[in-house]
Amino acid sequence: MDAHLREMLDLLLRWSHLVAGILWIGNSMLWNWLDRNLTPGDAADPLHEGTIWLVHSGGFYEMKKRQLEPHQLPPQLHWFWLQATTTWLTGVALLVVVYYMGGRAALVDTEIAPWSQGQAIALSVGLLVGCWLVYDVLWRSPLAQRPRLAAAVSLLLLAALAYGLTRTFNGQAAFLHLGAILGTLMVSNVWQHILPSQRELVRLTRAGERQELALAKAAKQRSIHNNYMTYPVLFTMLSGHFPSTYGGPHAWLVLLLLVLSGALVRHLMNLRFQWPAWRYALAATLAIALPLLYWLTRPAPLPATSGAPVAYAQVRAILQARCSECHATHPRHPAFATAAAGLALEDPTQVQAAASRIRAQAVDTRAMPPGNATGISEQERAILGAWIAQGARLNAP
């Protein structure tokens with residue numbers, strides 16, 4: 001595919017994915033908030049579950065939650081399903097454009113696993129399907145009648161998945177894949193459990209029959225699962241901008257820490273209307289998670305250098321050999337029509353201005369080059385790091 005066309009597809013898909021995700025997650029959080037803030041309904045009307053008044057945009061809104069009598073279906077009923085579907089479809093399309101069509105280095109780090117691009121793509125697709133099947137079978141099994149035990153098994157599987165992904169794909173692709181898997185679980189919950197329950201509720205009401213409570217209970221359980229997966233998925237969407245999270249030797253622990261702490265924060269926010277001590281639990285969660293995050297993302301030590309001043313000529317040679325395939329005015333890599341990230345490293349002034357970015361990506365975290373496709377050595381990283389530490393001077397002696 002033409003590199004410019006690919007970039008435009010990337011732009012439009014990311015924009016659509018972001019907008020659809022905001023709508024989906026915003027709806028989810030609003031309904032969750034409403035359920036926890038309803039004023040109890042009229043005792044004389046057992047179908048009336050609760051009421052809430054809201055003020056917004058110059059008006060007042062009265063919202064009621066209730067069940068309906070048979071044949072009581074209103075003439076107009078609004079459904080919320082398009083946002084979830086659009087978020088997932090644009091996310092999968094991005095996975096194809098950015099990772100499947102981005103060359104082997106976009107997915108695979110040859111220093112971790114010697115996968116071909118085809119093998120990596122096949123594994124990626126298999127994981128999206130297979131993880132949904134494992135999750136769905138687990139929560140349909142008798143184990144689901146013991147939610148705490150089922151949740152513990154799910155967390156163990158999640159930890160194994162985080163470890164396996166970071167030992168298979170490069171760091172950025174591993175984090176993205178965990179988010180894609182969780183997003184697939186969420187949208188599958190919508191289509192396989194939540195929407196069928198709603199359709200059945202509408203059908204039974206229209207037919208003059210009572211709702212099947214077991215179906216509604218199962219749908220509510222999957223809706224709660226989606227609620228807990230929201231913050232972890234949002235993190236993985238942003239993780240590509242923070243190489244310290246995915247580029248270090250403890251990437252799988254960082255991934256697991258941020259996913260679990262994100263879910264726990266979501267849980268505490270759900271409890272805040274019923275549990276007065278939620279603030280203390282939230283503070284304790286952050287007091288533990290943030291120092292752990294800092295410690296796990298510390299830069300790995302570099303090989304020692306002679307301590308002599310590093311000439312820019314040495315740096316230029318390394319950048320030309322290891323980085324210019326993508327970071328050049330006219331990149332050689334077919335995925336880029338212009339310099340990747342707008343950074344052309346054949347220009348000394350751009351190199352000097354981007355010294356902190358180079359250190360973060362290529363020295364501290366080893367996130368660049370992607371998958372170490374150009375074979376940069378630890379000694380070369382050390383030279384870059386020493387030059388930057390010495391002030392990134394272009395005219396060093």
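Reader: Is Asn 189 buried or exposed, and what is its relative accessible area?
Author: This is a predicted model. Asn 189 lies in helix 6, residues 171-207. Buried means under 20% relative accessible area. Asn 189 is buried, and its relative accessible area is 0%.

Reader: Which residues is Asn 189 in contact with, leaving aside neighbours within four places in sequence?
Author: Asn 189 sits in helix 6. Its relative accessible area of 0% makes it buried. With neighbours within four places left aside, its contacts are Trp 132, Tyr 135, Ile 194, Arg 222, His 225, Asn 226 and Met 229.

Reader: What is the average pLDDT of the chain, and which elements have the lowest and highest means?
Author: The chain averages a pLDDT of 88, and 98% of the residues score at least 70. Where pLDDT is low, the predicted coordinates should not be read in detail. Among the elements, the lowest mean, 78, belongs to helix 3 (residues 104-107), and the highest, 95, to helix 10 (residues 278-296).

Reader: How many helices and strands does the chain have, and what does the C-alpha trace span?
Author: The chain has 14 helices and 3 strands. Of its 397 residues, 41% are buried. Along the principal axes, the C-alpha trace spans about 90 × 50 × 50 Å.

Reader: What share of the contacts between residues at least 6 apart in sequence joins residues at least 24 apart?
Author: Contact means heavy atoms within 4.5 Å. Among contacts between residues at least 6 apart, the share joining residues at least 24 apart is 64%.

Reader: How many salt bridges are there, and which residues are linked in a network?
Author: The count comes to 12 salt bridges. One of them pairs Arg 359 with Asp 364, at 3.2 Å from N to O. The network of salt bridges links Asp 35, Glu 49, Lys 65 and Lys 220.

Reader: Why does the salt bridge between Lys 65 and Asp 35 tie together parts of the chain, and how many residues apart are they in sequence?
Author: The closest N and O atoms of Lys 65 and Asp 35 are 3.2 Å apart. Lys 65 lies in strand 3 (residues 59-66) and Asp 35 in helix 1 (residues 3-37), so the pair joins parts separated in sequence by 30 residues.

Reader: Are Lys 65 and Asp 35 buried, exposed or partly exposed?
Author: Buried means under 20% relative accessible area and exposed over 50%, with partly exposed in between. Lys 65 has 32% relative accessibility. Asp 35 has a relative accessible area of 31%. Lys 65 counts as partly exposed, and Asp 35 is partly exposed.

Reader: Which residues make the nonpolar surface patch, and what is its area?
Author: Leu 11, one of its members, is found in helix 1. Leu 11 is partly exposed at 47% relative accessible area. The patch is made by Met 8, Leu 11, Leu 12, Trp 15, Val 19 and Leu 23, and its area is about 580 Å².

Reader: What span should helix 14 have, and how far apart are its end C-alpha atoms?
Author: Helix 14 covers residues 378-389. At 1.5 Å a residue, its 12 residues should span 16 Å. This agrees with the distance between the end C-alpha atoms, 16 Å.

Reader: Where is the cis peptide bond, and what is its omega?
Author: Most residues other than glycine have a negative phi, and most peptide bonds are trans. Pro 369 is placed in the loop between helix 13 and helix 14. The cis bond joins Met 368 and Pro 369, with omega about -5°.

Reader: What phi does Arg 366 have?
Author: Arg 366 is in the loop between helix 13 and helix 14. Arg 366 is not a glycine, yet its phi is positive, about 60°.

Reader: What phi does His 71 have, and where is its place?
Author: His 71 is exposed, with 59% relative accessible area. Its phi is positive, about 70°, although His 71 is not a glycine. Its place is the loop between strand 3 and helix 2 (82-100).

Definitions and conventions. Residues are numbered from 1 along each chain as its sequence is written. This is a predicted model: local features need pLDDT of at least 70, side-chain atom pairs count only at pLDDT 80 or more; totals for chains, interfaces and linings use all residues. Side-chain values use heavy atoms; hydrogens and water are left out. A salt bridge is a side-chain nitrogen of Lys or Arg within 4 Å of a carboxyl oxygen of Asp or Glu. Helices (H or I, at least four residues) and strands (E, at least two) are DSSP runs, numbered from the N terminus. Buried means under 20% relative accessible area, exposed over 50%, partly exposed in between (1.4 Å probe, protein chains only). Patches are made of residues with over 30% relative accessible area and no salt bridge: like charges are joined within 9 Å, nonpolar side chains (Val, Leu, Ile, Met, Phe, Trp, Tyr) within 5 Å. Accessible areas come from the Shrake-Rupley method with a 1.4 Å probe; for residues, only the protein chains shown count as cover. The expected span of a helix is 1.5 Å times one less than its number of residues. pLDDT is the predictor's confidence in each residue, from 0 to 100.
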